Amino acid sequence: MSERIASKLIDLEIVDEEDRELYVFGVREFFSLLCSFSLILVIGVLMNLVLESTVFTCAYLPVRIYAGGYHAPTQGRCYVLSLAMVVIALLVIGHADIPGDVSMMVIVISSIFIYVLSPSEHKNKPLSETERRVYKQRVGKILIVLDAISCIVMAMTFEKIVLSVAVALLMLLEMMILTLKKEYFFVKRG
């Protein structure tokens, strides 16, 4: 399907033939994200946590893009691990009775550690010094916005929403720590 869409864009002279691979990749990634979001929404509906699943995803994804973290060896494993993570997160959010002030502490502490550890690089995608600096700045800005919004939402006593952000940041921090452990293990062993 990605090939057909790219071919159509080329036929319509919207994109150049030499950019075909880039657009095939972009269309494939767009549909992959669309499927992931749809599946997360379905899980949210099934667990009666639509708002919480949306908040979790909206808090997790923008930080994850720039902060980095664990990368599964295959796309299939990535989907399975991601869906398992979402289900676990929603189970915690749906069943845990965690006070809002504890969630806010988790948000602030996780934000600090995520900022310090970011960006977490993957061996297959090393970052330049400029990319590291830019990604760290973006992570910082996103975390400041998330923390500020969480404070406002907390003041409005929407504790499950604040918990959704806390769980998202805590899981992201764990993904970053897994990457560090993996790198340490392979460096020490190899």
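Predicted model: local features only at pLDDT ≥ 70, side-chain atom pairs only at ≥ 80, totals over all residues.
Residues are numbered from 1 along each chain as its sequence is written, and side-chain values use heavy atoms, with hydrogens and water left out.

**Entry: loops**

I checked the backbone of Asn 48 and read a phi near 60°, a positive value in a residue other than glycine. Asn 48 is exposed, at a relative accessible area of 68%. For this I take buried as under 20% relative accessible area, exposed as over 50%, and partly exposed as in between, with a 1.4 Å probe and protein chains only.

I then turned to Thr 157, in the loop between helix 6 and helix 7. Its phi is also a positive value near 60° in a residue other than glycine. Thr 157 counts as exposed, at 61% relative accessibility.

The loop between helix 5 (100–117) and helix 6 holds Pro 119. I noted a cis peptide bond joining Ser 118 and Pro 119, with omega about -10°.

**Entry: overall layout**

I counted seven helices and zero strands in the protein. Helices here are DSSP runs of H or I with at least four residues, strands are runs of E with at least two, and both are numbered from the N terminus. From the N terminus on, the order is α-α-α-α-α-α-α.

Along the principal axes, the C-alpha atoms fill a box of roughly 55 × 45 × 30 Å. Of the 190 residues, 34% count as buried. The accessible surface comes to about 12000 Å², and carbon and sulfur atoms hold 68% of that; the areas come from the Shrake-Rupley method with a 1.4 Å probe, and for residues only the protein chains shown count as cover.

I also looked up contacts, meaning heavy atoms within 4.5 Å. Among contacts with a separation of 6 or more, 75% come from residues 24 or more positions apart.

**Entry: Ser 32**

Ser 32 lies in helix 2 and is buried, at a relative accessible area of 14%. Leaving out residues up to four places away in sequence, I find Ser 32 touching Gln 75 and Tyr 79.

**Entry: the salt bridge**

How many salt bridges does the structure hold? I find one, taking a salt bridge as a side-chain nitrogen of Lys or Arg within 4 Å of a carboxyl oxygen of Asp or Glu. Glu 129 pairs with Arg 132, and the closest N and O atoms are 3.4 Å apart. Both residues lie in helix 6 (residues 129–155), three residues apart, about one turn of the helix. Glu 129 is exposed at 55%, whereas Arg 132 counts as partly exposed at 27%.

**Entry: the largest pocket**

I read about 1600 Å³ of space in the largest pocket. Helix 2 (20–46), helix 3 (50–67), helix 4 (75–95) and helix 7 (159–189) are the elements that give two or more residues to its lining. On a 1 Å grid over the protein atoms alone, a pocket is an open set of points where a 1.4 Å probe fits, with protein on both sides within 12 Å along at least five of seven lines; lining residues have an atom within 4 Å of a point. The lining has 42 residues, and Leu 61, Arg 64, Tyr 70, His 71 and Cys 78 lie nearest the centre.

Key. Points joined across faces, edges and corners; volume = space filled by probe spheres on them.
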